[in-house]
Amino acid sequence: MELIDFEQYEKDDNARNQTWQNNQVLITKTIDFLVRKFERLPSQIEIAEECGLSRQTINVHLKEFKRCEVVIEDVAQFQFMASKVLGKVMERAMDGDIPASRLSLQVMGLLGRQVGKKSNVENP
């Protein structure tokens, strides 16, 4: 029975994770660049050609990104900051910033209703 070299296994695992993260950053930056260049979402082939990774690698990353630990951590941080961002939007709205007012009303679900449509608020 062959013994497992856990130290080497851990190093290999860390190297794979680092490669995954590097590719994820490269793909993200490439998509951003191509969206700005083409003014549309690029195809997987266009992404692969631009960043130098295989189409298969691009495909795997696009399918797996929601389960990627780094992405999950990033989403958690954005969710954590959402109340702070909404607070700033509301602050600007209260200072008379019309776009911020519109955004805050949309977030609260109070903007975009059609005239004459029933609402939860009774008219006096």
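Predicted model: local features only at pLDDT ≥ 70, side-chain atom pairs only at ≥ 80, totals over all residues.
Glu46 itself is located in helix 2. Leu34 stands 12 residues from Glu46 along the chain, and the C-alpha atoms of Glu46 and Leu34 are 8.2 Å apart. Aromatic pairs, by contrast, number zero in the structure.

Helix 2, which spans residues 44-51, packs with helix 3, which spans residues 55-64. The angle between helix 2 and helix 3 is about 115°, and their axes are 8 Å apart. The crossing of helix 2 with helix 3 is right-handed. On the side of helix 2, the contact involves Gln44, Ile45, Ile47, Ala48 and Cys51, while helix 3 supplies Arg55, Ile58, Asn59 and Leu62. Classified by residue type, the contact between helix 2 and helix 3 comprises six nonpolar, two polar and one charged residues.

A further packing arrangement involves helix 4 (residues 69-94) and helix 5 (residues 98-107), whose axes approach within 8 Å and cross at roughly 130°. Helix 4 is therefore oblique to helix 5. The handedness of this crossing is left-handed, with helix 4 passing helix 5. Helix 4 contributes Leu86, Val89, Met90, Arg92 and Ala93 to the contact, and helix 5 contributes Ala100, Ser101, Leu103, Ser104 and Val107. Seven nonpolar, two polar and one charged residues make up the contact of helix 4 with helix 5.

Conventions
Residues numbered from 1 in each chain as written. Heavy atoms only, no water. Phe/Tyr/Trp six-rings, centres within 6.5 Å; stacked < 30°, edge-to-face > 60°. Axes fitted to C-alpha atoms, helices over the stretch in contact; angles between N-to-C directions. Helix = DSSP H or I, 4+ residues; strand = E, 2+ residues; numbered from the N terminus. Left-handed = near helix turned anticlockwise from the far one by under 90°. Contact = heavy atoms within 4.5 Å. Nonpolar A, V, L, I, M, F, W, Y, C, P; charged D, E, K, R; others polar. Parallel < 35°, antiparallel > 145°, perpendicular 65-115°, else oblique.
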